[in-house]
Amino acid sequence: MLPARPALASSLRSIARPIVLPILPSRPSTPSTPSASTTPRRTVSRPFIVSAAPFATSCCGSTPPPNVLAVKNPSSSSSSASSSYFSPCLSSYFSSSTSAFNPPAYRSFNTLQMSAEDVSKYLRQSHDRLFDNNRAWAAEKAEKDPGYFAKLAEGQSPEYLWIGCSDSRIPAEQITGLEPGEAFIHRNIANLVCNTDLNVMSVINYAVRHLGVKHIIVCGHYGCGGVKAAMTPKDLGLLNPWLRNIRDVYRLHEKELDAIPDQDRRYDRLVELNVEEQCRNIIKTAAVQQSYAKNQFPIVHGWVFGFHDGLLKDLKIDFQAVLKDVQKIYNLADA
Ligand SMILES: [Zn+2]
């Protein structure tokens with residue numbers, strides 16, 4: 001039996017943070033009744049929360065989590081807000097109350113009402129901001145090193161393959177100080193490596209056989225929404241088969257996990273065990289086994305990122321011991 005688990009909405013809320021809305025032109029101080037010629041006013045009915053889990057809004061179908069931004073037309077008799085979500089991806093950089101990644105200007109306002117025109121302007125601003133940032137970044141790089149982009153265009157030879165969670169709070173390069181060209185990146189919900197997932201398997205194959213990466217890192221994170229959702233006894237539709245992989249990790253380590261009385265600690269341990277199992281899945285691949293036999297690399301590492309201090313924890317996967325163990329059954333070293 002699995003231990004008691006929180007409800008899905010509760011799980012998702014626990015990893016979400018309140019969002020504040022960006023600077024927008026001030027709206028009329030008196031929201032008069034819209035005339036026939038004006039756009040109907042919209043009311044933000046709840047505080048805007050952006051979930052850390054990339055599927056947090058979409059996986060809930062037509063029923064939004066209770067504190068995800070919902071925009072409704074007051075002229076409508078329906079209280080449903082399902083048709084007017086802001087895109088979670090657009091909201092992601094307005095999300096954190098503690099993150100250093102957020103520009104202060106985007107953390108100063110908490111508007112309860114926005115007109116349709118303001119919403120439209122907000123979307124335009126949040127889109128255009130990325131191009132502003134890009135131009136500034138390109139100019140800075142070119143100024144520091146006039147040959148920077150010529151070198152970048154020559155090709156890539158990354159040292160690392162990074163397989164991480166899609167969670168927006170864990171930018172691989174930023175937390176490790178890597179520059180463009182140094183890491184080949186793959187991210188998905190809960191950093192899974194499934195042998196039937198052609199995406200991740202292609203990434204591993206290409207990174208090992210063609211790019212010759214020296215290290216493969218699986219990086220999970222505490223408070224992972226995917227792991228929490230997997231442990232929620234609820235039908236999540238399309239996500240069921242994906243999250244089943246995490247339930248299987250729980251089943252493999254059921255005794256150890258059930259013996260942990262504290263639920264948060266149990267989830268933390270499941271996050272670690274999930275990373276370890278994904279490392280094992282990588283070591284089972286022919287590409288890794290054959291490359292290691294020939295070159296002594298890549299080495300596979302399991303790490304976990306913590307939001308509370310921004311530090312990475314090395315789970316110290318014993319690569320050679322795991323390789324020896326899996327090759328009893330999964331020996332694909334001979335080409
Ligand atoms: Zn995650």
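Q: What covers the buried residues of α11?
A: This is a predicted model. In it, the cover over the buried residues of α11 includes α6 (198-209), α10 and β9 (299-305).

Q: And which residues of α11 are buried?
A: V288, Q289 and S291. Helix α11 itself spans residues 286-295.

Q: What follows α11?
A: Q296 does, and its phi is positive, near 70 degrees.

Q: Where is the cis peptide bond, and what is its omega near?
A: The bond from F297 to P298 is cis, with omega near 10 degrees. P298 sits in the loop between α11 and β9.

Q: Back to α10. At what angle does it pack with α8?
A: About 105 degrees, with the axes 10 Å apart. Helix α8 covers residues 239-252 and α10 covers 263-283. Angles from 65 to 115 degrees count as roughly perpendicular, so α8 and α10 are roughly perpendicular to each other.

Q: Which residues meet there?
A: From α8, I246, V249 and Y250. From α10, L270, L273, N274 and E277. By class, this contact of α8 with α10 has five nonpolar, one polar and one charged residues.

Q: New topic. Which residues does UniProt list for "binding site"?
A: The unreviewed UniProt entry lists C165, D167, H221 and C224. They spread over 60 residues of sequence but cluster in space, with a largest C-alpha distance of 8.9 Å.

Q: Where is H221, and is it buried or exposed?
A: H221 is in strand β8, residues 215-221. It counts as buried because it has 26 C-beta neighbours inside 10 Å.

Q: What is H221 in contact with, leaving aside neighbours within four places in sequence?
A: C165, D167, I170, V271, V304 and F305.

Q: What about D167, buried or exposed?
A: Buried, with 25 C-beta neighbours inside 10 Å. D167 lies in the loop between β6 (160-165) and α5 (172-176).

Q: You mentioned β7. What does A183 touch, not counting residues up to four places away in sequence?
A: P158, Y160, W162, A172, E173 and L178. A183 lies in β7, residues 183-188. The C-alpha atoms of A183 and L161 are separated by 5.6 Å, though the two are 22 residues apart along the chain.

Q: Why does A183 count as buried?
A: A183 has 20 C-beta neighbours inside 10 Å. The cut-off for buried is 20 or more, so A183 counts as buried.

Q: Zoom out. How many helices and strands are there?
A: Twelve helices and ten strands. Of the 335 residues, 32% count as buried.

Q: What pLDDT does the protein average?
A: 76, and 67% of the residues score at least 70. Over residues 1-110 the pLDDT is below 50. Where pLDDT is low, the predicted coordinates should not be read in detail.

Technical notes
Residues are numbered from 1 along each chain as its sequence is written. This is a predicted model: local features need pLDDT of at least 70, side-chain atom pairs count only at pLDDT 80 or more; totals for chains, interfaces and linings use all residues. Axes are lines fitted to C-alpha atoms, for helices over the stretch in contact, and angles run from 0 to 180 degrees between N-to-C directions. Helices (H or I, at least four residues) and strands (E, at least two) are DSSP runs, numbered from the N terminus. Angles under 35 degrees count as roughly parallel, over 145 as roughly antiparallel, 65 to 115 as roughly perpendicular and the rest as oblique. Two residues are in contact if their C-beta atoms, placed from the backbone, lie within 7 Å. Ala, Val, Leu, Ile, Met, Phe, Trp, Tyr, Cys and Pro count as nonpolar, Asp, Glu, Lys and Arg as charged, and the others, Gly among them, as polar. pLDDT is the predictor's confidence in each residue, from 0 to 100. A residue is buried if 20 or more other C-beta atoms lie within 10 Å of its own, exposed if 12 or fewer, and partly exposed in between; C-beta atoms are placed from the backbone. UniProt positions are given in the numbering used here, feature names are shortened, and annotations may be inferred rather than shown by experiment.
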